[in-house]
Each structure stands twice: as C-alpha cells, then as structure tokens.
Amino acid sequence: AAAQALYEESVTIIQGAIDLDPTNSEALNNVAFVLTANLKRPAEALRHYDVALRLAPRDEAALLGRAQALTELGRRPDAADAFDALAEIRATDGMLADAVDAARRGLELAEGRDRRRTLERLIARLRISEPGEPGRLALERALLVLEGPVMTATLPPAGDGVESGEGTVAEPGTGGAGAADVHAQPARRSA
C-alpha cells in the first residue's frame with residue numbers, strides 16, 4: 001500500500017512536468033512506465049506512449065513501452081506491429097542483436113510470413129556482424145521461435161541433408177546438431 005501511494009505520487013509529480021511542457025516525451029515515457037510496470041494501468045499508459053511517439057516517432061523507449069502495454073491489454077497484433085517498428089529502428093541504427101530480439105518478440109505475438117522473413121533476414125545479418133555474447137543470446141532466442149512447430153513446413157524433406165557450417169541441421173525437436181547450434185548457416189538444399 002505504501003509503495004502504491006509512492007507510485008501514485010510519482011505519477012502526479014511527473015504529470016506536473018508534462019503540464020508545464022506537453023512536448024516533454026521523456027516525462028511522458030516515465031509516467032507511462034510507472035503506470036504500466038508499477039500501477040498495472042496499461043490503457044492509461046498507452047495514451048502517454050502514443051503522445052510521446054507523435055512527438056518523437058523513433059523513440060525506442062516509447063515504442064518498447066507501447067508494445068508492452070499493448071501486450072498487457074491483450075492486443076497482440078498491435079503489440080507485434082510496435083515490436084516490428086522497434087526492430088526496424090534498431091536495425092537501421094546498427095543494433096542488430098536488439099533488432100533480432102524485437103523482431104522475435106513481434107513474431108511470438110503474431111505469426112506472419114513477413115515477420116518471419118524479417119527475423120530470418122536480421123538473423124543472417126547478425127550472424128555475420130556480431131559473434132559476441134549479446135548476438136549469440138539474441139540468436140538462440142530467435143532460433144527457438146523460428147524452429148517451433150510453424151517452421152516444420154518450411155524445412156526440406158527428411159534425408160535431404162541440410163548442412164550448416166558445423167554439421168547437419170536436424171529438424172526441431174530431434175536433438176540433432178542444429179537444434180541448438182546458433183552458429184549454423186541459413187538452411188539450404190543440398191545438390
């Protein structure tokens with residue numbers, strides 16, 4: 001109860017800053033974050049994120065917060081669209097591991113052929129450019145999504161010998177070399 005009162009007070013204080021400067025997108029993001037994360041009022045937070053994004057359309061914090069608020073409201077396709085926009089910005093800014101994570105989250109919320117292709121494209125770019133730990137973790141999480149039940153229809157027929165840079169890639173769930181091999185190259189048919 002005491003924490004709740006402190007969060008309500010912080011919303012009031014930040015709202016005062018917004019009243020003084022309605023173009024303060026940072027204050028809008030801050031109040032929206034408190035509303036979503038601490039007070040569990042995502043619908044109210046969403047209004048603040050939308051205003052912040054009208055002021056600064058490439059604001060990553062606002063896009064991420066908006067996606068999270070939409071997710072909490074059960075608006076999965078809209079949340080996926082917000083994650084897609086975030087992935088595009090992060091990819092453009094050269095933050096490929098973060099772009100892969102955002103694209104993965106969008107695909108998890110709303111399956112779509114274009115979303116899947118975008119994630120596959122970002123994974124390919126990430127494999128080339130960021131072999132370090134953040135890139136590896138982003139790849140692991142993204143590949144788990146791509147290798148889920150939906151991907152089985154896109155795999156070549158069994159026994160076709162899909163190869164990677166480190167061995168044969170197995171179909172998801174078979175426990176083969178490629179099931180967790182994040183360094184494998186994109187699948188291609190053997191000749």
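Is Arg136 buried, partly exposed or exposed? Arg136 counts as partly exposed, at 23% relative accessibility, where buried means under 20% relative accessible area, exposed over 50%, and partly exposed in between (1.4 Å probe, protein chains only). The model is predicted: local features need pLDDT of at least 70 and side-chain atom pairs count only at pLDDT 80 or more, while totals for chains, interfaces and linings use all residues. Residues are numbered from 1 along each chain as its sequence is written, and side-chain values use heavy atoms, with hydrogens and water left out. Helices (H or I, at least four residues) and strands (E, at least two) are DSSP runs, numbered from the N terminus.

**Salt bridges**

- A salt bridge is a side-chain nitrogen of Lys or Arg within 4 Å of a carboxyl oxygen of Asp or Glu, and by this rule the count comes to 14.
- Side chains of opposite charge can pair when their charged atoms come close.
- One of these salt bridges joins Arg136 to Glu140, with N and O 2.2 Å apart.
- Both Arg136 and Glu140 belong to helix H8 (residues 133-146), where they sit 4 residues apart, about one turn of the helix.
- An α-helix has 3.6 residues a turn, so residues three or four places apart point the same way.
- Glu140 is partly exposed, at a relative accessible area of 30%.
- Arg58 pairs with Asp93 in a salt bridge whose closest N and O atoms are 2.8 Å apart.
- That pair links distant parts of the chain, 35 residues apart: Arg58 is in the loop between H3 and H4, and Asp93 is in the loop between H5 and helix H6 (96-109).
- Arg58 is partly exposed at 45% relative accessible area, and Asp93 is partly exposed at 41%.
- Glu60 and Arg90 form a salt bridge through their side chains (3.1 Å, N to O).
- This pair also links distant parts of the chain, with Glu60 in helix H4 and Arg90 in helix H5, 30 residues apart.
- Glu60 is partly exposed, with 21% relative accessible area, whereas Arg90 counts as buried at 15%.

**Helix H4**

- Helix H4 covers residues 60-72, and its 13 residues at 1.5 Å each should span 18 Å; the expected span is 1.5 Å times one less than the number of residues.
- The end C-alpha atoms of H4 are 18 Å apart, which agrees.
- At the start of H4, a side-chain oxygen of Asp59 comes within 3.0 Å of the backbone nitrogen of Ala61.
- Ala62, Leu63, Gly65, Ala67, Ala69 and Leu70 are the buried residues of H4.
- Helix H2 (25-38), helix H3 (42-55) and helix H5 (76-92) are among what covers those buried residues, by contact, meaning heavy atoms within 4.5 Å.
- Gly74, with a positive phi near 80°, follows H4.

**Helix H7**

- The 17 residues of H7 should span 24 Å at 1.5 Å a residue, and the end C-alpha atoms are 25 Å apart, which agrees.
- Buried in H7 are Arg115, Arg116, Leu119, Leu122, Ile123 and Leu126.
- These residues cover an arc of only 130° around the axis, which puts them on the same side of H7; the arc is that of the directions from the helix axis to the C-beta atoms.
- The buried residues of H7 pack against H5, H6 and H8.
- Exposed residues Arg113, Asp114 and Ile128 are carried on the face of H7 turned away from its buried side.
- Arg116 counts as buried at 8% relative accessibility, and a polar atom of its side chain lies 3.4 Å from the backbone oxygen of Leu146.

**Nonpolar core**

- A nonpolar core is a set of buried Ala, Val, Leu, Ile, Met, Phe, Trp, Tyr and Cys residues joined through side-chain atoms within 4.5 Å.
- The largest nonpolar core has 47 residues, of which Val100, Leu119, Leu122, Ile123 and Leu126 touch the most other members.
- Two or more residues of this core come from each of helix H1 (2-20), H2, H3, H4, H5, H6, helix H7 (113-129) and H8.
- Beyond its neighbours within four places in sequence, Val100 contacts Leu119, Leu122, Ile123, Leu126, Ala138 and Ala142.

Technical notes. Polar contact = N/O pair within 3.5 Å; in protein donor to acceptor, adjacent residues only side chain to side chain.
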